[in-house]
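The sequence and the model are shown first.

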Amino acid sequence: MKFQKGKKLKKLGRNSPCPCGSGLKYKKCCLRKEKQVGNTKNLYFRKHKIRLKGEKDIEGIRKAGRLVLETLDLAESSIRPGMTTDEINTLIHDFTIKNNARPAPLNYRGFPKSTCVSVNEVICHGIPGKRILNDGDIVNVDVTSVLDGYYADANKTFFVGEPGTDAKKIVEVSKESMKLGISMVRPGNTIGDIGWAIQDYAEERDCSVVREFVGHGVGFEFHESPQVPHYGIRGDGIVLVSGMVFTIEPMINLGGKELQVLGDKWTAITLDGSLSAQFEQTVLVTEDGFESLTPYE
């Protein structure tokens, strides 16, 4: 609210008209809302270790999210057959630093690169290196940027050259699974609703949902509470409230859901060698629904 310079400010009492212009007394309008927000914030941190975000925080994450999307666009425009996964990493690292941000994955719990690049049967956490992209491959690029202290996280799976039938199917199912999961985000719904929507859709199309890796809170840190499984039972889990920020990032396999982690202790691949695809966005629970802070079609 703005006040004219030089005018004496009137003390706002409980029985004063609410400054929002509702016509109600302050105690029955915005004061009550402020108390409710404060109580919810304290309750969710105490009970779930979830840190709800305020307007300043949301704008900071939104700004970081715009950089993440620009970075993914750069990757998409550069990916081609014959390129190595390490070349993708260099591209992303240099672009992030150039924009006064830092890549969150670099040195995170010992991860040696600035992004995860996962090709074909690699589910997630692929370490960029000498692997060469071939025509018909699918490749997931996962970007988390830290800008002005705020984290935003998103990924996409891209086609390399001309995709085959299986590649088209798993990418489409994964992308739609993420969209359906996001569509369940609103106050009063639960985390279980998100997982249920994803699992129901993917399994109806004879695909499977990876259990071992989940979405997560994000914003102040790389990984926060809550965990967001991409499978579940409708109505189960933590109730969503406005101010929650977390990722939805289903990993969908064309074959079975089983996986193994390679000797580098990071790279997860499908046990049966089938294709795996993933899409991810950072999502805010608003007062009446959701907002993606890393929005893309």
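This is a predicted model: local features need pLDDT of at least 70, side-chain atom pairs count only at pLDDT 80 or more; totals for chains, interfaces and linings use all residues.

The points below treat a sheet, a hairpin and a pocket.

1. The three-stranded sheet. An open sheet is built from three strands in the order S6-S10-S13, with antiparallel pairing. Its edges are formed by strand S6 (208-209) and strand S13 (276-278), each of which pairs on one side only. In general, the strands of a sheet are held in pairs by backbone hydrogen bonds.

2. The contact between S6 and S10. Strand S10 covers residues 251-253 and is joined to S6 by two bridges, the two strands running antiparallel. Serine 208 has asparagine 253 of S10 as its bridge partner.

3. The hairpin of S7 and S8. Three bridges link strand S7 (residues 215-217) with strand S8 (residues 224-228) in the antiparallel sense. Glycine 217 lies opposite glutamate 224 of S8. Six residues separate the two strands in this hairpin, where glycine 219 adopts a positive phi near 135 degrees.

4. The second largest pocket. This pocket holds about 540 Å³ of space. Its lining comprises 25 residues, of which His125, Phe213, Val214, His216 and His223 are the closest to the centre. Strand S4 (138-147), strand S5 (150-159), S7 and S8 each give two or more residues to the lining.

5. Which classes of residue line the second largest pocket? The lining has ten nonpolar, eight polar and seven charged residues.

How values were computed:
Residues are numbered from 1 along each chain as its sequence is written. Side-chain values use heavy atoms; hydrogens and water are left out. Two strands pair if DSSP finds at least two bridges between them. Helices (H or I, at least four residues) and strands (E, at least two) are DSSP runs, numbered from the N terminus. On a 1 Å grid over the protein atoms alone, a cavity is a set of points where a 1.4 Å probe fits but cannot get out, and a pocket is an open set with protein on both sides within 12 Å along at least five of seven lines; lining residues have an atom within 4 Å of a point. Grid points are joined across faces, edges and corners, and a volume is the space filled by probe spheres set on the points. Ala, Val, Leu, Ile, Met, Phe, Trp, Tyr, Cys and Pro count as nonpolar, Asp, Glu, Lys and Arg as charged, and the others, Gly among them, as polar.
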